[in-house]
Amino acid sequence: MMVNCCGLLTSQREPVPLKSVEVELEVRDHVATVVSTLNYENKEDKPLEAVFVFPLPGDAAVCHFSAKIGQTQIVAEVKEKQEAREDYDDALSSGRQAFLLEESEQSPDIFTLSVGSLPPGESASIRLEYVTELAVQADEGLRFCLPAVLNPRYQPQGSGGSEGGNVQVTSVPASLVPYSLSFSARVSSPRPVSKVESNCPLDPLQYLNTEQTQTTVKMAAGHKFDRDVELLIYYKDAHQPSAVVEAGQASSKPGTLMGDPVVMLSLYPEFPQAVMSSVASCGEFVFLMDRSGSMQGPRIKSATDTLLLLLKSLPMGCYFNIHSFGSSYEHIFPKSVEYKQETMEEALKNVEKMGADLGGTEILKPLKHIYSQPCIPSQPRQLFVFTDGEVGNTKEVINLVKQNSGSHRCFSFGIGEGASSALINGLAKEGGGHAQFITGTDRMQPKVMQSLRFALQPAVVDISVDWDLPKGVSVTALSPPITSLFQGQRSLIYAQLTGQSPEASEGCVTVKYSLAGHPSQNQLHFSLKPAEDTGLTVHRLAAQTLIRSLEMEERERRGQEDEGVKKKKVVELSVQSGVSSAFTAFIAVNKGSSEVIQGPLVRRNVPTPMMAFCRMKRSCPGLPAMNMMCSPMPASCGAPMMRFTCKKKSKGGIAPNLSSNMKSMGSTCLKSSEMSMPKPPPRDPLLQLVSLQKASGCWVLDPDLAAALGKTSEELEKPKPASVNQEVWATVLALIWLHGFKMDAQEEWELLAMKAVSWLQAQKASCVTECVEAGNTLLGCTVQKDVLGL
């Protein structure tokens with residue numbers, strides 16, 4: 001089933017009661033608190049129910065929901081989901097105002113907000129608050145993303161949770177969104193804020209103190225909804241291990257999660273340099289590529305270019321395979337093969353032909369196929385998943401990865417606007433790997449190569465966390481056990497502290513692990529004195545972490561005798577902490593108003609922006625045949641933005657607006673032959689040179705290499721020292737060119753250059769110095785031999 005395949009179906013003749021969204025972000029070090037205010041106004045002459053389906057970060061802990069009508073403020077409470085729905089329906093049927101906020105049962109990054117019984121001429125202001133952790137990027141920036149785009153999610157036939165789990169989305173092309181967005185942020189940290197970057201235009205940064213540890217920034221007016229709002233925050237000092245102890249809630253009972261202090265530990269493990277310098281030369285590298293219709297255009301081109309870089313950077317002696325999927329799935333080899341020149345060439349021929357031509361986004365079946373293949377002894381499996389994340393059965397997919405987490409590491413890449421953060425982060429978290437997001441004009445290659453470096457790091461095993469606390473204080477871990485550690489990456493641990501301790505006492509936590517056979521440990525001492533002014537942020541993040549773990553355990557127990565035990569715990573914890581879950585919802589009923597709202601309610605679906613472009617090939621039962629064409633429109637930051645024109649093939653001319661709940665729609669993307677497309681741009685010179693490298697790491701002296709270096713064959717051969725073989729000379733030239741002209745992209749070619757250097761060293765060539773001097777003269781460079789690593 002495809003939920004609202006192309007989202008054309010906003011009813012443009014009907015007013016949309018949502019007028020504006022205001023978002024205020026407060027960042028404290030690496031934790032964000034987000035307050036969204038949604039302003040509604042009923043300009044019609046009848047009472048309305050407004051339903052808005054929208055995205056939030058997948059790991060957000062939604063902790064406050066309230067509504068203001070006139071001077072009346074109603075704060076919602078958390079209840080078991082079915083009970084909350086019944087309260088909402090009862091209120092509406094008796095003519096009262098009610099507000100319901102619920103999380104999708106299949107994708108924890110999609111929420112539905114129902115605003116019930118808004119009388120004619122009335123306004124309502126809805127306040128929604130959540131807290132979330134900020135992920136550390138490769139360049140040590142912290143990434144905050146406000147999802148503004150909700151693309152249709154593909155729901156495979158026969159999948160899905162309980163009844164009511166499949167959310168129906170009403171969406172429109174980004175240029176047609178009828179409400180406005182304003183966004184402002186305040187950042188504070190113990191360390192100076194060096195810069196804040198965004199994919200959207202920002203007003204200048206304003207520092208609030210001379211130490212530059214506090215700053216504010218606003219998004220320039222006029223957001224076009226053509227991309228998610230991404231903020232990258234950089235502090236002057238690299239990230240340091242830290243601990244925050246937060247006092248419990250005075251009104252809660254001691255011994256409960258909300259009544260006791262909770263500690264949040266941020267750990268940045270440092271690995272011994274000797275171990276880190278030995279890059280693994282083994283492994284089974286499995287690449288899973290999304291080729292659904294929504295990957296059309298720059299996405300699939302960037303993905304195939306990235307596969308080229310990955311294939312060239314793999315170490316000799318490893319194994320690999322490439323799988324791809326849409327509604328069906330394919331693989332290049334029946335099982336993973338040894339990496340050598342012949343297999344690499346065969347894979348590259350297949351990669352060049354890859355298009356976004358496999359239909360929907362069914363990721364579950366190819367994953368099951370990959371996991372059904374036996375692992376290769378002494379070749380640790382590393383899975384790389386590339387997808388635009390338009391998946392409806394998110395939790396099912398993440399469950400499968402978790403079930404197989406003992407046999408592999410999973411590295412995930414969310415491509416384009418609206419990629420599901422719940423899916424991308426969940427795959428990496430449960431698969432013991434690392435997640436990356438590629439949006440707007442980001443180059444995919446540097447981020448993917450960073451993940452390959454992580455995959456080539458030896459796996460950290462036997463991870464344990466030991467606590468040393470004063471007498472009388474006990475600890476309860478709230479986070480699941482750590483399954484992966486990477487150099488420079490943060491690990492967060494939440495724990496509940498029960499019991500009394502002297503005022504100035506200190507605790508200590510030790511993380512022990514084994515890396516390539518070397519036992520190591522990192523230690524952090526911290527004060528048990530609670531921090532001031534943190535509210536209940538840490539408690540809510542801890543509650544959300546525990547809720548997600550319990551939800552997953554509940555899904556794993558389906559069909560077993562004790563099914564429902566974990567669900568009961570989730571409901572209790574969600575109600576106690578005021579943090580949403582898959583089994584609960586926020587409900588607010590206006591009990592103070594004596595006025596009963598008269599007349600039948602009219603439902604208005606508030607549309608969300610989406611970035612989709614597809615052509616429907618066959619119509620649904622009961623729906624007229626459709627032929628959707630799309631034409632690109634300019635977008636200010638390089639993000640794709642599409643406008644749809646809809647033509648009905650019958651004599652009735654333009655097709656009428658259709659219900660947004662279209663099901664079972666197959667879709668394939670427009671072929672370039674059907675549109676007058678410009679000629680493809682010439683290939684990137686870096687990728688041209690990389691494509692010529694052999695699996696062993698060397699280059700061959702031939703006309704193709706000469707063309708890539710901007711020379712003729714004769715110009716290349718003439719200065720070659722007489723005693724040097726052609727492959728050594730060609731490889732030295734390629735390395736000089738990379739260092740001389742492409743240092744800005746070093747993170748993309750660094751691994752394949754290391755392979756080339758290893759190959760050169762194995763040749764034991766005697767005239768390398770002479771080669772480097774002659775190569776510099778030929779190419780007009782001044783690269784030193786030691787810089788090349790020779």
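The legends below describe close-up views of a predicted model.

Local features are reported at pLDDT of at least 70 and side-chain atom pairs only at pLDDT 80 or more, whereas totals for chains, interfaces and linings use all residues. Residues are numbered from 1 along each chain as its sequence is written, and side-chain values use heavy atoms, with hydrogens and water left out.

**View 1**
Helices (H or I, at least four residues) and strands (E, at least two) are DSSP runs, numbered from the N terminus. Two strands pair if DSSP finds at least two bridges between them. Strand 13 (residues 180-188) pairs with strand 1 (residues 18-28) in the parallel sense over nine bridges. Within this pairing, S182 of strand 13 stands opposite E22. Strand 13 also pairs with strand 16 (residues 214-218), here in the antiparallel sense and over five bridges. T216 in strand 16 is the bridge partner of R186.

Six strands in the order 6-32-7-8-3-33 form an open sheet with mixed pairing. Its edge strands, each pairing on one side only, are strand 6 (77-80) and strand 33 (602-606). On average, neighbouring strands of this sheet are turned by 20° against each other, direction ignored. Axes are lines fitted to C-alpha atoms, for helices over the stretch in contact, and angles run from 0 to 180 degrees between N-to-C directions. Strand 3 (residues 48-55) runs parallel to strand 33, and five bridges join them; the bridge partner of E49 in strand 33 is R603. Helix 1 (residues 81-93) lies across strand 3, strand 6, strand 7 (98-103), strand 8 (110-118) and strand 32, and runs at about 155° to strand 7. Helix 10 (residues 565-577) packs on the sheet as well, touching strand 6 and strand 32, with its direction at about 170° to that of strand 6. Contact here means heavy atoms within 4.5 Å.

Five bridges link strand 18 and strand 19 (residues 262-267) in the antiparallel sense, and V245 stands opposite V263 in strand 19.

**View 1. The packing of helix 9 and helix 10.**
The axes of helix 9 and helix 10 come within 9 Å and cross at roughly 165°. The two helices are therefore roughly antiparallel to each other (angles under 35 degrees count as roughly parallel, over 145 as roughly antiparallel, 65 to 115 as roughly perpendicular and the rest as oblique). Their crossing is left-handed, a term used if the near helix is turned anticlockwise from the far one by less than a right angle, with right-handed used if clockwise. Residues making the contact include R540, L546, L550 and E554 of helix 9 and V565, K569, V570 and S577 of helix 10. By class, the contact of helix 9 with helix 10 has seven nonpolar, two polar and seven charged residues. Ala, Val, Leu, Ile, Met, Phe, Trp, Tyr, Cys and Pro count as nonpolar, Asp, Glu, Lys and Arg as charged, and the others, Gly among them, as polar.

**View 2. The packing of helix 14 and helix 16.**
Helix 14 (residues 726-741) and helix 16 (residues 768-779) have axes that come within 9 Å and cross at roughly 55°. Helix 14 and helix 16 are therefore oblique to each other, and helix 14 passes helix 16 in a right-handed crossing. Among the residues that meet are W729, L733, I736 and F741 in helix 14, and C771, V772, N776 and L779 in helix 16. The contact of helix 14 with helix 16 divides into eleven nonpolar, two polar and no charged residues.

**View 3. The aromatic pair of F65 and F586.**
Rings of Phe, Tyr and Trp (its six-membered ring) pair if their centres lie within 6.5 Å; planes under 30 degrees apart count as stacked, over 60 as edge-to-face and the rest as tilted. By this rule the count comes to 14 aromatic pairs. F65 and F586 form an edge-to-face pair, 6.2 Å centre to centre and with 65° between the planes. F65 lies in strand 4 (residues 61-69) and F586 in strand 32 (residues 584-589), so the pair ties together parts that are 521 residues apart in sequence.
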